[in-house]
Amino acid sequence: MANTTFISEVKWSGEGVLSVANVNGKEVIIDEPKELGGTDKGANPVEYVLSALGGCINVLVVTFAQKFEVEVNGLDVQLEGDLDPDGFLGINPDVRPGYQEVRYKVNIDSPSPKENIEQLLSHVDAICPVKDTLAGTSVVNVTNQAASGV
């Protein structure tokens, strides 16, 4: 199978720090709480990171359940991430600006044998593209374009 390139365009709305992303024709609102200059109309970027991880895990569990002979009657992923704002606000240079740790718990409602469910979850944990991205991808700034006013 050939590589796939995903494209997202994110534009500032002009209102506080609110941005609107266009992801393959779907609109995503990105904002911050009022205390960080936002309007609180959408999740913030780091909240979307947690949601992306949880969504990816759900997709993979459902996709591979049959292979591991797991019947899925219900599924949810609970995620937590520890983030100290002092890092990204520049208050403390010793604090990492991103998550210090992310934890998740997968809850599957299934009558299937526990061993099958554990094998499925182990497989999902090993192949999750979002988890892999969080663990080891470098973000490269390809181009910065500054527009000058006349």
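**Salt bridges and a buried glutamate**

Student: With which residue does E118 form a salt bridge?
Tutor: In this predicted model, the closest N and O atoms of the E118 bridge are 3.9 Å apart. A salt bridge requires a side-chain nitrogen of Lys or Arg within 4 Å of a carboxyl oxygen of Asp or Glu. The partner of E118 is K114.

Student: Which pLDDT do side-chain atom pairs need in order to count?
Tutor: Residues are numbered from 1 along each chain as its sequence is written, and side-chain values use heavy atoms, leaving out hydrogens and water. In this predicted model, totals for chains, interfaces and linings use all residues, local features need pLDDT of at least 70, and side-chain atom pairs need pLDDT 80 or more.

Student: What is the relative accessible area of K114?
Tutor: Buried means under 20% relative accessible area, exposed over 50%, and partly exposed in between (1.4 Å probe, protein chains only). E118 is partly exposed because its value is 43%. K114 counts as exposed because its relative accessible area is 62%.

Student: Which side chain of opposite charge is nearest to E32?
Tutor: Lys and Arg count as positive and Asp and Glu as negative, whereas His and the chain ends are not counted. E32 is buried and has no salt bridge. At 13 Å, the nearest side chain of opposite charge is K34.

Student: Which side chain does a polar contact join to that of E32?
Tutor: A polar contact is a pair of N or O atoms within 3.5 Å; within protein, one must be able to donate a hydrogen and the other to accept it, and residues adjacent in sequence count only if both atoms are side-chain atoms. At 3.5 Å, the side chain joined to that of E32 belongs to N44.
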